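Let us go through this model by asking what stands behind each label.

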Amino acid sequence: MRKITNEELGRPTVEEYASVEKMPVVVVLDNVRSMQNVGAFFRTSDAFAVERIALCGITATPPNREIHKTALGAEMSVGWDYYKQTSECVEKLRGEGYRLLAVEQVEGAVMFNCLEPDPHTKYALVFGNEVLGVDQAVVDQCDGAIEIPQAGTKHSINVSVSGGVVLWEFFKAFLNR
């Protein structure tokens, strides 16, 4: 077994990636405080062809050295917008026809293993602050919530890790459409 070189992988350039078909998913980051988490979301969003990222509230924006450390340039390939208020972003996305889902532990949340994403539906997935989660007022604006099942003693997993888990499942549905 031999590792494949980057050249052999045949990845598109940033310019070519701009015309690649994107998954109809917008990632909304609600007051994510860690720039490494923001960078990880950019990198994961690039890998799974996410339409764009909405950076809200205290969430840092590119260009930023700390974001770049984990994004490794994906902040240049993934489109993004900034909103001072997450609620403003969510309302805009609702008006554009997105189904809004908070990734959060709330009453009535659908366990993620029971969710079957519709590859023809536009989704906005809202991920929250590392300590406080998705703000309750934003949860109230969402159409629903999804919760990642867990078996450990902790009540949550890192926000960027949850992003990878959730986005992979949406990407699988997109690939299989």
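Q: What makes a set of grid points a pocket here rather than a cavity?
A: A pocket is an open set with protein on both sides within 12 Å along at least five of seven lines. In a cavity, a 1.4 Å probe fits but cannot get out. The model examined here is predicted. Its largest pocket has a volume of about 490 Å³.

Q: Which residues lie nearest the centre of the largest pocket, and how many line it?
A: The lining has 16 residues. Arg-11, Pro-12, Tyr-17, Asp-46 and Ala-47 lie nearest the centre. A lining residue has an atom within 4 Å of a point.

Q: Which elements supply at least two residues of that lining?
A: They are α1 (6–9), α2 (14–17), α3 (35–47) and α5 (74–77). The largest share, three residues, comes from α3.

Q: How do the residues of the lining of the largest pocket divide by class?
A: Eight are nonpolar, five polar and three charged. By the classes used, Pro and Tyr count as nonpolar, and Asp and Arg as charged.

Q: How much space lies in the second largest pocket, and what lines it?
A: The space is about 360 Å³. The lining has 21 residues. Val-103, Glu-104, Gly-133, Ser-156 and Ile-157 lie nearest the centre of this pocket. Two or more lining residues come from each of β6 (123–128), β7 (144–147) and α8 (159–175). By class, the lining holds nine nonpolar, nine polar and three charged residues.

Q: How many cavities of 30 Å³ or more does a search of the whole structure find?
A: One. The volume of the largest cavity is about 50 Å³. That space counts as a cavity because a 1.4 Å probe fits there but cannot get out.

Q: What lines the largest cavity?
A: Met-23, Pro-24, Val-25, Pro-117, Asp-118, Pro-119, Thr-121, Tyr-123, Phe-170, Ala-173 and Phe-174 do. The elements giving two or more of these residues are β1 (23–30) and α8. The classes are nine nonpolar, one polar and one charged.

Q: Why is Val-106 called partly exposed?
A: Its relative accessibility is 21%. Buried means under 20% and exposed over 50%. Val-106 falls in between, so it counts as partly exposed. Val-106 sits in the loop between β4 (99–103) and β5 (110–111).

Q: What does Val-106 touch, not counting residues up to four places away in sequence?
A: Val-139 and Ala-145. Contact means heavy atoms within 4.5 Å.

Q: What kind of peptide bond joins Pro-62 and Pro-63?
A: A cis bond, with omega about -10°. Pro-63 belongs to the loop between β2 (50–56) and α4 (65–71).

Methods: Residues numbered from 1 in each chain as written. Predicted model: local features only at pLDDT ≥ 70, side-chain atom pairs only at ≥ 80, totals over all residues. Heavy atoms only, no water. 1 Å grid on protein atoms, 1.4 Å probe; cavity = no way out; pocket = protein on both sides within 12 Å on 5 of 7 lines; lining within 4 Å. Points joined across faces, edges and corners; volume = space filled by probe spheres on them. Helix = DSSP H or I, 4+ residues; strand = E, 2+ residues; numbered from the N terminus. Buried < 20%, exposed > 50% of the residue type's maximum accessible area, 1.4 Å probe, protein only.
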